[in-house]
Amino acid sequence: MSARRWRATALLLVLAMIMAACTSSSDTEPDDPDAPATTEAAGESEGESDPTTGGEAGGDVGEEDVFVHAGDDEPLSLDPAQVEAGEYGEAVILQVYDRLVEFGPDGPDLMPGLATEVPSTDNGLISADGLTYTFPLREGVSFHDGSPFTADDVVFSWDRAMTMSLPEGTADLLNDNVASMQAVDDFTFEVTLQAPNAAFLNSIVTASVAAVVSQEVVEANGGVVEGTPNEFMATNPIGTGPFKFVEWNRNENLIFEKNDDYFGQVPALDLRIEIGPDPDVRVLGLRAGEYDMIETDPSFIGDIEGAEGVVIYSEGLLLEPIHIGLNLNITDLPEEDTIPADFFHDPRIRQAFNYAFDYEAFLNGALGGFGDFNPHYIPQGIFGYDPTAPVYQQDLAKAEELFREAGYWDEGFTVSVITEEANLFEIAALVLKDSIEGLNPNMQIRVLAVAEAQFDEAHASNPVPYAMWVKNADPFADPEAYLRAYAHPDGEWGEIHDFGAGYQDPERIAGLIDDAAQETDTTKRAELYAEVQRLLFEDPMWIIAAQEGVAVAYRDRVQGFVHNPLWPRPNVRWNYFSK
Amino acid sequence: MQVREYLIRRLMILPLLVIGTSIIVFTLTRVGGSPIGIYLSHEMSQEEVAEIEARYHLDDPLPVQYLYWAGGVLRGDLGWSGISAGPVTQVMPDKIAASLELAVAAGIVAVTLGVGLGTFAGARRNRLPDHIARIFSISGASMPTFWFAIILLIVFWVYLGWFPVGRSTTALFTSIEHPTGLYTVDALLAGNLRAFGDALWHLVLPAVTLGYGATAIIARMMRSSLVEELQEDYVDAARAKGLAERVVLKRHARRNALIPTVTVIGLSFGFLLQGSVVTEIIFQWPGMGRWMADAVLRGDQATIMAYVLFTSVLFLGVNLVVDIVYAYLDRRVVLGD
């Protein structure tokens, strides 16, 4: 290439850069003829802060008509019948689809969704035997494609999820509870349960899997096939919710348009979710004024605190206690582990671990003080949580005494704990290591921090091939769900970890949880749960490191911020927000 | 050997190399964990895990699984990308286009800076400008990308607000068609200069980050080969003929010095093309690097395999092109030796 051409290339590049910079600063003219028609000239001033003012951009509105949220992950599926609990797709489903009843904006109270009333025994919509629920439905609601919503869509949606019964989804919630259902007329839906379930509305009707999809849309796009995901539905959500799905640019963003016909609170703004920028970039973008809100965890709060124009919401607690699992069903362990298979059968060992863990170090260090102690399986903020129940605090003398009694103090042991790498769970594992090894160097904890996929595989195995692991619980709105999954000897983890082999009185615990599930008198129900909590203190099956605090950061231009710890990440429904 | 004959021979070997690579990687992806890790969650029972495994033919022996994959490739089906919730063939072109666009922009930065600095330094060997040029170019390679990129962001995004992250302004992006997936080209095809400016504007920071990193090696190679060429007899002869130093340098010495540099440029471009994980993550650039990093971390085998297929074909292709460019630059190079 000749010298002249090289120079020309360089010149062109410089010109291009100058042109780009100039174009950007003239972007603010609202009457630009090239302004796009599709999204109402949204994004006119993206990334703009006045370069002449210097300092951090603050007080500007970013993009005027669009709420820009920087999320921390990308969905795997946007189909209510396929989405995994706790997966990012749930956050999208929450915006695009409706359920029959919904949680209120900021807590576990139920409010009508596609149903016009929340069923209760008082209003007669729950039958006296607790088996039949009747939902009167809204008339005049349309799906985003224009097809009308009727009771048939509800029957179809639930039936579809139950038929597909995808293992990654949560169809079991319906399959394990629903006996039959029918559209009584166009706007009345009736469901009959297999057995009374006090948590039916709170944990099932409000779940993603119970979101109502359009029969017309599904039938036109692949229909329902047992055991097979529907590829169209996985990527094209069409619901009745406050936001219409527009586009999903993989690894980049999810674009939504506000639904002006929404029956509930009509959103003031369109919505864009930036997909999973690096945590540091999210923080920078919030400071730059590019993002209206970011997802963060408490360990990043220090980077944002004091930044101009940024508000940090840190009230309330997530309903996802961070726990360390103790496996009583050991068949296979890493070679280095020296513990016997029945190591955790001895309640003294489980108690000793609970006394040894440095709760304060984890809460004040890793969580930056955002959170609370909660060594129980009913988190604070949920019915049934008993503030007077005894809780574990670090007590090294007691831990030593228990390890001595159990016969492991002199000899020591080595045990591995598996965790996802580079997040709060790994830190919890490291705190455990410090706590135990600091107590007695003969007792060794090996922290195996692995990639998420590898952890998930181990965690999904039955039996789990490790004696200990760290994770958080899934959020529920009802104590029954927590205790069934994490304490009941015949529940999910009870079976995998064989709690029955460790509880001093497994029948008693099972009986209390079973009775509470069917008890409709709330005072009696609370007493039963209080009793369970006292028993679980003596007989812990987990080390509950902390209940993580909520930490959401947003620009001060955001109006109407509300937060509900029950909603899937990022715990908001954006139709309530404006700026 | 004739260029055509050589090409045919190379093209015949290419599929064998690709098959070899894919078998190795297919096996290796299994060492790190389940290829369906992404679909698993702890709520699942053993039966449910088995159900998912059957859905993706993971209950078959490994060679059979490989044949399923390879058969799919031949039919133009690269499988389902779990992390992107879509068929690989549908998602990948966008990723390739994003990385290609960034690679070209970064390549322009790297080649302009690298060849320019190398020539500048080589002609002023061991004098102050040489040292300054060297410090400048080497610092590009020695600064960690994540650090340099974050510094650029803090200065130009947070404080000055001059350049954004991401690939485009959403409203402008949605206002035009995207036949090629290269936003600059799409904008020009649509005749939308604002969208073109916007696409360039978004390219600046990542291209500078990525291109500056590749500058050092190009500049070093250019400098050393130019220094060598300048000691050759033909340069003395040219000078003796009375040619201006500028002409000697640019017309004669540099042309020859470019030959080894082109190899380096070709390889650097290959690296740029496969996507840069760190740059793409930090600048929210939806390219191959970030996609791949996600796939590996979350255990998405179909995506990993598609990426491997792409990069192996890419590198074999780039090497081929480099060899042919050699022959063009220096007629003495005989292909096939």
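**A covered helix and what lies beyond it**

Tutor: Helix α13 of chain B, residues 288-298, is mostly covered, with eight of its eleven residues buried. Buried here means under 20% relative accessible area, exposed means over 50%, and partly exposed is in between, using a 1.4 Å probe and protein chains only. Helices (H or I, at least four residues) and strands (E, at least two) are DSSP runs, numbered from the N terminus. One caveat before we go on: this is a predicted model, local features need pLDDT of at least 70, side-chain atom pairs count only at pLDDT 80 or more, and totals for chains, interfaces and linings use all residues. As for bookkeeping, residues are numbered from 1 along each chain as its sequence is written, chains are lettered from A and ligands numbered from 1 in the order in which they are written, and side-chain values use heavy atoms, with hydrogens and water left out.

Back to the helix. Its buried residues are B:M288, B:G289, B:R290, B:W291, B:M292, B:A293, B:A295 and B:R298, so defined by the under 20% cut-off.

Together, α6 (145-159) and α12 (277-282) of chain B each supply at least two residues of a nonpolar patch. The patch covers about 490 Å² and is made by B:F146, B:W147, B:I151, B:V155, B:V277 and B:V278. Patch members have over 30% relative accessible area and no salt bridge; like charges are joined within 9 Å, nonpolar side chains (Val, Leu, Ile, Met, Phe, Trp, Tyr) within 5 Å. A salt bridge is a side-chain nitrogen of Lys or Arg within 4 Å of a carboxyl oxygen of Asp or Glu. The largest share, four residues, comes from α6(B). B:I151 sits in that helix, and it counts as partly exposed because its relative accessibility is 33%.

Zooming out, chain B holds 14 helices and two strands, and its C-alpha trace spans about 85 × 55 × 40 Å along the principal axes. Of its 337 residues, 54% count as buried. It exposes about 14,900 Å², with carbon and sulfur atoms supplying 67% of that; accessible areas come from the Shrake-Rupley method with a 1.4 Å probe, and for residues, only the protein chains shown count as cover.

Now for chain A, which has 18 helices and 18 strands. Buried residues make up 59% of its 579 residues, and its accessible surface of about 21,200 Å² belongs 47% to carbon and sulfur atoms.

Seven of the strands in chain A form an open sheet with mixed pairing, in the order β7-β8-β9-β1-β10-β18-β11. The edges are β7 (243-249) and β11 (310-313), each pairing on one side only, and the twist averages 20° from one strand to the next. Strands of a sheet pair through backbone hydrogen bonds, either parallel or antiparallel; a pair needs at least two DSSP bridges.

Look at β18(A), residues 552-555. It pairs with β11(A) in the antiparallel sense over four bridges, where A:V310 stands opposite A:R555 and A:V311 is partnered by A:Y554. With β10(A), β18(A) pairs antiparallel over three bridges, and A:E295 has A:V552 as its bridge partner. A:V552 and A:Y554 point one way from β18(A), A:A553 and A:R555 the other, and all are buried. Helix α8 (279-288) of chain A lies across β1 (66-70), β10 (293-295), β11 and β18, running at about 165° to β10(A). Axes are lines fitted to C-alpha atoms, for helices over the stretch in contact, and angles run from 0 to 180 degrees between N-to-C directions.

Finally, β16(A), residues 468-472, has five of its five residues buried. A:M468, A:V470 and A:N472 point one way, A:W469 and A:K471 the other. It pairs antiparallel with β12(A) (322-326) over five bridges, and parallel with β14(A) (413-420) over two.

Notes. Contact means heavy atoms within 4.5 Å.
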